[in-house]
Amino acid sequence: MIKMLGVVLLLVSSGVFAAPEVVITLKDHLFIPSKIQVPADKKIKLVIINQDPTPEEFDSFDLNREKVLFPGRRSIIYIGPLKPGEYHFFGEFNPNSAQGSVIAVAEGNDHVD
Amino acid sequence: MRKLLALLTLMYSSLSMADGIVVDKVYHPYILPNERKLEWRFMSRQSDNGNLLGQRLAYGQALGENLIMEGYLAFERDTSDDFGLAAYEVEVRWQLSEQGKNWADWGVLFEVEKQHQTEVWEANVGLLMEKEFYRSSLTVNLFTVYEFGSQIRDEFETELRAQYRYRLHPAFQPAIELYTGEDFIGIGPGLMGVHRYEGQKQLKYEIAFISGINGDTKDHTLRFALEWEF
C-alpha cells in the first residue's frame with residue numbers, strides 16, 4: 001500500500017506544465033470574451049475571473065468539465081487536448097446569458113477544420 | 001496508454017487479490033463544492049446457486065471544495081429469499097488533483113462499513129484515477145479492504161474496477177466495465193447518462209451487465225444506479 005501511495009504522490013505532483021493561458025471574465029452573467037480560439041491538440045489553462053457577486057457553475061459536456069466559479073475569485077480550468085472543432089460551455093445558474101465556446105484550431109490553420 | 005497499463009500492472013501485481021463479488025460502482029475522482037446527492041444502487045447477481053439481490057441508499061454532501069462524505073444503508077436478499085438491512089457505511093471521497101492539470105486525475109476514497117447485527121467491520125481505502133482521451137475516459141479504482149471483528153477472521157483483500165466510457169451524448173454514454181477479485185473476473189457493457197434540470201439539479205443513471213469470465217458456471221450481474229444531485 002505504501003508503495004502504491006508513493007507512486008500516486010509522484011504522479012499527482014508531476015505533470016505541471018506551462019499550458020497556454022486564456023483569461024475569461026464573467027460579468028453580469030456573461031462570459032467575456034464568449035468565443036475563444038485555442039490551438040488544437042494542446043492542453044489549455046482557462047483562467048475565469050468571476051466579477052459577479054454571485055457564484056456560477058461552469059459546465060460543458062463537450063469539454064468534460066464542471067467547476068464552481070466563486071464570486072470575486074480566479075478559477076482555473078484545464079481543458080484539452082482538443083481535436084479541431086467548436087466546444088460549447090455555459091453557466092448552470094444563468095444558462096440563457098452565460099454561454100460561450102472554445103474553438104480549437106489545428107496548427108497552421110486560421111479556421112476550424 | 002502503455003505508460004498507464006504498465007503503472008496499473010505494477011500496482012496491481014504488488015497486492016494480493018480479493019475474494020467475493022465486486023460489481024458495484026466505478027468511482028470518479030471529481031468533487032463539486034456545494035454538491036449534495038441522493039443515490040440508489042441496485043445489483044442482482046444470477047448464478048447457478050440462485051439470485052443475490054443488493055440495494056444501497058445513500059445521502060452525500062460536500063464538506064469542502066475537494067471533499068465529500070456519504071452515508072449508506074445496504075440491503076440484501078440472499079439465496080434463501082431473506083431480504084433486509086445488511087450493513088451501514090460511511091464514505092469519504094477526496095479529490096487530489098485539479099481535473100486536466102496532470103497526466104491523469106486522482107482521488108482517494110475511505111470507507112468504513114459495519115454489518116448489521118454482527119460484529120463484522122470493513123475498512124476500505126481506494127485509489128481513484130481517471131484519464132481522458134479526447135471524447136473518451138478511462139477510470140480505474142484500486143481498493144484495499146481490511147475485514148475485522150469478533151465474528152470474522154481478520155484479512156486484507158483487494159479489488160480492481162475499471163470503466164472505459166465514450167462521451168457520445170450527455171444522456172447516452174456507452175461504456176465497458178471490468179471488475180476483478182480472487183473469485184470473480186467480470187466484464188460487460190454499460191450505459192450511463194445525465195439529464196440536467198435547473199441550476200445544479202441533475203439526474204444521473206448508470207446501468208451495466210457484467211458476465212463472469214473465470215468460472216465454468218453461469219455468473220451474471222446486472223447493476224443499476226440512479227443519482228439525484230441538487
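Guide: Here is the barrel, strand by strand, and then the cavity. This is a predicted model, in which local features need pLDDT of at least 70 and side-chain atom pairs count only at pLDDT 80 or more, while totals for chains, interfaces and linings use all residues. Residues are numbered from 1 along each chain as its sequence is written, chains are lettered from A in the order in which they are written, and side-chain values use heavy atoms, without hydrogens and water.

Start with chain B. Its twelve strands form a closed barrel, in the order β1-β2-β3-β4-β5-β6-β7-β8-β9-β10-β11-β12, with antiparallel pairing. The twist from one strand to the next averages 20°. That angle comes from axes, which are lines fitted to C-alpha atoms; angles run from 0 to 180 degrees between N-to-C directions. A strand here is a DSSP run of E with at least two residues, and a helix is a run of H or I with at least four, both numbered from the N terminus. Two strands pair if DSSP finds at least two bridges between them. In general, strands of a sheet pair through backbone hydrogen bonds, either parallel or antiparallel.

Now look at β1(B), residues 36-47. On one side, twelve bridges tie β1(B) to β2(B), residues 50-62, and the two run antiparallel. M43(B) faces G54(B) across this pair. A hairpin of two residues links β1(B) to β2(B). β1(B) also pairs with β12(B), residues 219-229, through eleven bridges, again antiparallel. There, W40(B) has L226(B) as its bridge partner.

Move on to β10(B), residues 184-196, and β11(B), residues 202-212. Nine bridges join this antiparallel pair.

A search of the whole structure finds one cavity of 30 Å³ or more. A cavity is a set of points on a 1 Å grid over the protein atoms alone where a 1.4 Å probe fits but cannot get out; lining residues have an atom within 4 Å of a point. The largest cavity holds about 50 Å³, a volume filled by probe spheres set on grid points joined across faces, edges and corners. Its lining includes E57(A) and E66(A) from chain A, and L32(B), R36(B) and E229(B) from chain B. By type, the lining has two nonpolar, two polar and five charged residues. Asp, Glu, Lys and Arg count as charged, Ala, Val, Leu, Ile, Met, Phe, Trp, Tyr, Cys and Pro as nonpolar, and the others, Gly among them, as polar.

Definitions and conventions: On a 1 Å grid over the protein atoms alone, a cavity is a set of points where a 1.4 Å probe fits but cannot get out, and a pocket is an open set with protein on both sides within 12 Å along at least five of seven lines; lining residues have an atom within 4 Å of a point.
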